[in-house]
Amino acid sequence: MKNNILNTIKTIHPTNGMIGVEIEVEGSKLPQILPSWRIDVDPSVKNWSKHENYEYVIPKPTDLIGVKAALDELELAYKMNNSKVVEGELCGVHVHLNVQEWSLKKFYTFLICYYIIEEVLTTYCGPAREGNHFCLRAQDAEFILFQIRKTICEKNFKYLNNENIRYATCNLYSLFKYGSLEFRAMRSTRDLAAIYTWCEILTTLAANTGKFNSPLEAISQFSGDGELLFLKTLLGKHAPLFTKVPDLEKKIRNGARRAQIIAYATDWNTYKDEKVNPFK
Amino acid sequence: MLVYKNAEYAANRLAGTIVRRIIGNQHIPIAIANIANSKVAYTTLADNIPDVCDLKELDLDPVPLGYINNQKIATYWARKPMRQDWRQGLRAANVVCLSHPHAEWGGNNLKQIAACIDGVYPTFKQCLGKVKRNPEAKGSIAFSRDFAIDGGGALMYKSIVVGGIDDNGEPDYLPSFEWASDAFIEAVN
């Protein structure tokens with residue numbers, strides 16, 4: 001049996017497709033019928049918004065081509081309706097990455113790489129999302145790192161099966177419902193190309209963390225390469241989007257410091273090594 | 001930076017919580033009592049002085065946490081990114097003590113919480129002197145947001161015992177925690 005997320009968390013229903021997207025929107029003249037989207041009303045937005053508001057959800061995980069097609073459909077509907085989208089602190093975009101087939105070592109390696117660059121990544125999502133209580137970063141709510149550390153040390157995922165870690169930029173509680181990591185930081189915006197780029201950034205990060213055989217190898221490479229080269233290794237062609245972030249190197253260095261408590265939580269040789277295609 | 005423009009929404013997310021007020025270059029920890037008409041009624045955390053400011057003067061970034069030096073013990077605190085408590089500011093319901101699970105938040109320790117948020121700690125040497133003078137005491141004291149030492153000579157990093165302090169006052173790391181040395185050097189300098 002593969003030592004992967006699907007076989008570790010027994011509540012997961014096996015699902016194909018690598019990515020899912022939910023877009024909370026408030027505005028006017030918003031589309032109400034779209035073949036590629038399920039359209040819900042989000043109570044957390046509805047209770048406070050003075051505008052029309054919906055949540056557009058891709059109903060089944062898909063690939064980047066599927067996401068692009070769905071966003072193109074939404075774009076066309078916005079134009080046809082002459083829709084207006086309000087950008088505010090209420091609405092966000094949630095991207096789910098299907099990690100069911102990831103080995104545990106791949107999963108933890110990804111988390112360590114993510115937390116090293118989390119602060120920098122979140123700058124892409126918009127100033128109203130940085131430190132927002134709907135999507136707190138590890139530097140805002142460090143509890144998440146300690147829950148991950150306990151999970152690693154005790155090889156028991158019960159510490160992540162907890163609503164108290166749900167409103168993080170990377171929601172690990174979603175593992176138990178969908179077998180996914182839910183990225184909650186992206187702002188809701190009329191610029192759907194920016195949302196697509198965010199999906200590309202996350203999938204690129206997921207693919208490139210596969211270059212490391214273990215969390216320690218990732219940390220070691222960071223120490224050897226330095227901040228900028230490590231960022232480029234992780235984000236590839238998307239790295240230039242972040243190179244002008246103020247205090248970039250300091251932010252990555254601080255992220256690496258935070259990630260240490262999970263990177264050094266165990267002897268990773270005790271985790272069975274496997275080659276698993278994360279996007280199978 | 002996150003900014004709230006709707007006073008009613010802001011009151012819902014901030015009343016009864018700790019954030020900071022921006023005055024010049026300073027970001028002062030405050031406990032918000034109420035918000036109405038874009039005016040914020042608060043007391044300063046360090047001095048318990050009541051005052052009023054505009055909503056736009058608030059720094060809504062989550063306040064930094066870590067070790068809080070109480071009377072005899074240093075406790076390590078972190079915020080929980082929880083769903084059921086949708087407050088932007090910090091309060092007892094969304095914070096947890098990782099070093100002492102039964103420790104209570106707030107109470108008479110508001111001044112010490114303010115010092116933690118502001119990053120104000122005694123130096124490593126001062127802490128070392130204090131525990132050496134009273135080695136029988138079972139207490140602990142933090143010299144940074146991330147590090148504390150106790151009367152038994154243990155060195156703690158973010159609530160985890162990572163080693164001890166030798167007779168020369170130098171850190172002596174457990175084999176699996178040597179990685180904490182860089183953070184220690186940064187903390188004492």
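Contact here means heavy atoms within 4.5 Å. With that rule, the contact between the two chains takes 29 residues from chain A and 33 residues from chain B.

Some ground rules. This is a predicted model: local features need pLDDT of at least 70, side-chain atom pairs count only at pLDDT 80 or more, and totals for chains, interfaces and linings use all residues. Residues are numbered from 1 along each chain as its sequence is written, chains are lettered from A and ligands numbered from 1 in the order in which they are written, and side-chain values use heavy atoms, with hydrogens and water left out.

Back to the interface. About 3000 Å² is buried between chain A and chain B, and carbon and sulfur atoms give 58% of that. Buried area is the accessible area (1.4 Å probe) that two parts lose on being put together, summed over both. Which residues of chain A lose the most area to chain B? They are A:W48, A:H133 and A:R257, together 23% of what that side buries.

Now charges. Side chains of opposite charge can pair when their charged atoms come close. A salt bridge is a side-chain nitrogen of Lys or Arg within 4 Å of a carboxyl oxygen of Asp or Glu. The whole structure has 20 of them over all chains. Three salt bridges cross the interface of chain A and chain B. A:E163 also meets B:R83 in a salt bridge, at 4.0 Å, N to O. Inside chain A, A:E75 pairs with A:R190 at 3.0 Å, N to O. That pair links distant parts of the chain, 115 residues apart. A:E75 sits in helix α3 (residues 64-81), and A:R190 in the loop between β7 (180-187) and α7 (192-208).

Helices (H or I, at least four residues) and strands (E, at least two) are DSSP runs, numbered from the N terminus. Axes are lines fitted to C-alpha atoms, for helices over the stretch in contact, and angles run from 0 to 180 degrees between N-to-C directions. Under 35 degrees is roughly parallel, over 145 roughly antiparallel, 65 to 115 roughly perpendicular, the rest oblique.

Start with α4 (residues 104-123) and α5 (residues 143-154) of chain A. They pack at about 160°, axes 12 Å apart. So α4(A) is roughly antiparallel to α5(A). A:Y108, A:L111 and A:Y115 of α4(A) meet a set in α5(A) that includes A:I144, A:L145 and A:I148. By class, this contact of α4(A) with α5(A) has seven nonpolar, one polar and no charged residues. Nonpolar means Ala, Val, Leu, Ile, Met, Phe, Trp, Tyr, Cys and Pro; charged means Asp, Glu, Lys and Arg; the others, Gly among them, are polar.

α4(A) also packs on α9(A), at about 100°, with axes 11 Å apart. That makes α4(A) roughly perpendicular to α9(A). A:C113, A:I116, A:I117 and A:L121 in α4(A) meet A:F230, A:L231, A:L234 and A:L235 in α9(A). That contact has eight nonpolar, no polar and no charged residues.

Last pair: α8 (residues 215-225) and α9 (residues 227-235) of chain A. Their axes come within 7 Å and cross at roughly 135°. α8(A) and α9(A) are therefore oblique to each other.
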